[in-house]
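Subject: A structure for you to look at

Hello,

I am passing on the structure we talked about, with some notes on what turned up in it. Please open it first and then read on.

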Amino acid sequence: MKNIPLILMGCGGVGRQLLQHIVSCRSLHSTQGLCLRVVGVGDSKSLVVTEDLLHEGLKDGFLLELCRVKSVGESLLKLLDFGKCQAFVHPESQGKILEIAFQLGKKTGLVFVDCSASSDTVAVLKQAIDMGCCAVMANKKPLTSTMEDFKKLFIYPRRIRHESTVGAGLPVIASLNRIISSGDPVHQIIGSLSGTLGYVMSEVEDGKPLSQVVRDAKSLGYTEPDPRDDLGGMDVARKALILARILGHQINLDSIQIESLYPKEMGPGVMTVEDFLNRGLLLLDKDIQDRVEKAASNGNVLRYVCVIMGSRCEVGIQELPKNSPLGRLRGSDNVLEIYTRCYSKQPLVIQGAGAGNDTTAAGVLADIVDIQDLFP
């Protein structure tokens, strides 16, 4: 039985879903000769760790209770009454993580799983990798930090898995790496990488006002609590930057041209969420509708996409053929078209659910299992 110790950082929707996947897959993994041993779970405030790092993980009942506790917004410290564990609060918790990385990294191996949404994990990730640990990430921020940070994270590229940073459970990174390894030059990537914006653009195509569509998307749970976090395009830009860097382009976020669907005058520092939803969005309806109608008159549709061509990387609304894979996109699916020498006239198309806690957590779990060959 191959035993893989792991530490999870981030107890939000994806992190909790991952723990539930790990517990529910015990029987499957056992038949594969694999045991995922969760030795620690942390959030921005605290960390809980098993008492016996070398031999035992946190029990499944403990992990499920942890999911319940965090789902109602309570502290990890509440779990001290539930089962055997050690607890550490920030900033002591960060030192404890590095202590565990040092203890297990070279001896048994350790996977550091980052399901947080923090840029603070990059320092721990770099040190853990230097200590012989592996890293699996759903968090985009470490990979979209400075180019120097990116290079340090990939100093041992086989120790890194990050499929879920771009397409949740879709095989985007794996497909791109296979193309690169084959020597097939990538000429262009164009993709709709936001389930929220994919839904918005396909709905306004049907003639619905942008203001109504955004409010509907929010009520369906497709947007962040403040929809401007989606409409600003930064999430798509981070995904585009990761893809561009994989292709070898040494660029930063400020190198990417980003089109926001709202003006600065409606930004979070100027207008409240309620004002934006009830008043600001209405002022944006006509411009979007005019653009939709203009595209339709050309036999095209509008999609919010990232475009990577050479060293050029941009994110925003593009007018695309209605019968193309991106033009046919409906709802919250992600679609990516990759054009290469081999895929020139007909691109390699990757499509499917590219968002959601369940899908993203499944992608993270697949990455953890994929990394098992690096363990004794």
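Predicted model: local features only at pLDDT ≥ 70, side-chain atom pairs only at ≥ 80, totals over all residues.

Residues are numbered from 1 along each chain as its sequence is written, and side-chain values use heavy atoms, with hydrogens and water left out.

**Around G42**

G42 belongs to strand β2. Helices (H or I, at least four residues) and strands (E, at least two) are DSSP runs, numbered from the N terminus. With a relative accessible area of 0%, G42 is buried. The cut-offs are under 20% relative accessible area for buried, over 50% for exposed, and partly exposed in between, using a 1.4 Å probe and protein chains only.

**The open sheet**

How many strands form the open sheet, and in what order? There are 7, running β4-β3-β2-β1-β5-β6-β7, with mixed pairing. The edges are β4 and β7 (160-161), each of which pairs on one side only. Two strands pair if DSSP finds at least two bridges between them. In general, strands of a sheet pair through backbone hydrogen bonds, either parallel or antiparallel.

Strand β1 (residues 2-9) is parallel to β2 (residues 34-42), with 8 bridges between them. Along this pairing, K2 stands opposite L34, and L8 has V41 as its bridge partner. β1 also pairs with β5 in the parallel sense, over 4 bridges, and there M9 is partnered by D114. Of the 8 residues of β1, 6 are buried, so this strand is largely enclosed by the rest of the structure.

Helix α5 (residues 121-130) lies across β5 (111-114), β6 (134-137) and β7, at about 165° to β5. For that angle, axes are lines fitted to C-alpha atoms, for helices over the stretch in contact, and angles run from 0 to 180 degrees between N-to-C directions. α5 is mostly covered, as 7 of its 10 residues are buried, among them T121, V122 and L125. The cover over these buried residues includes α4 (92-105), β5, β6, α6 (147-153) and β7. After α5 comes G132, with a positive phi near 100°.

Does the length of α3 agree with or depart from what its 12 residues should span? At 1.5 Å a residue they should span 16 Å, and the end C-alpha atoms are 17 Å apart, which agrees; the expected span is 1.5 Å times one less than the number of residues. The buried residues of α3 are F62, L63, E65, L66, C67, V69 and K70, and what covers them includes α1 (13-24), α2 (26-31), β2 and β3 (46-49). Just after α3, G73 has a positive phi of about 80°.

**Rings**

Rings of Phe, Tyr and Trp (its six-membered ring) pair if their centres lie within 6.5 Å; planes under 30 degrees apart count as stacked, over 60 as edge-to-face and the rest as tilted. By this rule there are 4 aromatic pairs. One of them joins F62 and F82, whose ring centres are 6.2 Å apart with planes at 55°, so the pair is tilted. F62 lies in helix α3 (residues 60-71) and F82 in the loop between α3 and β4 (86-89), so the pair ties together parts 20 residues apart in sequence. F62 is buried at 4% relative accessibility, whereas F82 is partly exposed at 46%.

The charged end of R159 sits over the ring of Y156, 3.9 Å from its centre. This label requires NZ of Lys or CZ of Arg within 6 Å of the ring centre and within 35 degrees of the ring normal.

**A hairpin**

Last, please look at β10 (residues 300-309), where 9 of the 10 residues are buried. β10 runs antiparallel to β11 (residues 312-321), joined by 10 bridges, and M309 stands opposite R312. The two strands form a hairpin with 2 residues between them, and G310 in the turn has a positive phi of about 65°. β10 also pairs with β8 (residues 186-192) in the antiparallel sense, over 4 bridges, with I308 as the bridge partner of I189.

Happy exploring, and best wishes

Note on methods. Contact = heavy atoms within 4.5 Å.
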